[in-house]
Amino acid sequence: MIGRPTFATLIALAHEGRPVVGIIDQAIVGDRWLGIEGVGTSLNGEVVRTRGCANIRQAILLTTSPDMFETGMERQAFRKLKNSTKDIVYGGDAIGYGLVASGHADIVLESHLEIFDFMALVPVIENAGGSITDWYGEPLSMKSTGNVLALGDPTLLPEAIALLDPHSPPIEL
């Protein structure tokens with residue numbers, strides 16, 4: 001935490017193994033995102049929505065650290081996605097997901113998260129209009145590996161997944 005106000009408390013409620021309520025609480029600055037399945041997502045009581053970003057080259061990518069991509073295949077996938085976006089911001093942890101839900105950023109990519117790291121994020125992102133899956137586009141569940149891809153604009157999913165595929169060719173810049 002080292003004095004940076006980027007940490008958060010995450011709380012999830014799951015029904016039959018699927019997260020249906022999620023909270024990202026950043027108590028130090030008083031921000032709370034609440035996502036409820038079928039209801040929506042709010043930030044401090046105000047409804048928030050993801051923003052449209054139909055072109056991945058215009059997307060802002062967030063990740064906690066490039067060091068979280070431990071294997072060669074993960075690092076390659078991260079680099080391909082990073083090199084395809086407009087800009088990258090490091091170090092937001094769970095707050096990055098709140099920023100995507102609020103329409104301030106477009107993509108969060110992370111690796112090796114635990115169930116307690118991502119379950120609360122699912123309702124926040126999905127009920128704001130985005131998508132949050134594993135790197136193959138599969139829904140996150142209690143059995144997920146912890147490789148997480150959150151998108152403010154779900155239309156980016158096929159292109160993002162293709163970039164994360166370790167067997168896809170290198171991108172042309």
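Reader: What does buried mean here?
Author: Buried means under 20% relative accessible area, exposed means over 50%, and partly exposed lies in between (1.4 Å probe, protein chains only). This is a predicted model, where local features need pLDDT of at least 70, side-chain atom pairs count only at pLDDT 80 or more, and totals for chains, interfaces and linings use all residues. Residues are numbered from 1 along each chain as its sequence is written, and side-chain values use heavy atoms, with hydrogens and water left out.

Reader: OK. Is Phe 78 buried or exposed?
Author: Phe 78 is buried, at 4% relative accessibility.

Reader: And Phe 69, buried or exposed?
Author: Buried too, at 1%.

Reader: How do Phe 69 and Phe 78 pair?
Author: They are stacked, 4.5 Å centre to centre with 10° between the planes. Rings of Phe, Tyr and Trp (its six-membered ring) pair if their centres lie within 6.5 Å; planes under 30 degrees apart are stacked, over 60 edge-to-face, the rest tilted.

Reader: What about Phe 69 and Trp 135?
Author: Their centres are 6.0 Å apart and their planes at 40°, so that pair is tilted. Phe 69, Phe 78 and Trp 135 form one aromatic cluster.

Reader: New topic. In what order do the sheet strands run?
Author: S1-S2-S3-S4-S5, in an open antiparallel sheet. Strands are DSSP runs (E, at least two residues), numbered from the N terminus. Two strands pair if DSSP finds at least two bridges between them.

Reader: Which strands stand at the edges?
Author: S1 (9-15) and S5 (46-47). Each has a single partner strand, so one side of each lacks a neighbour in the sheet.

Note on methods:
Helix = DSSP H or I, 4+ residues; strand = E, 2+ residues; numbered from the N terminus.
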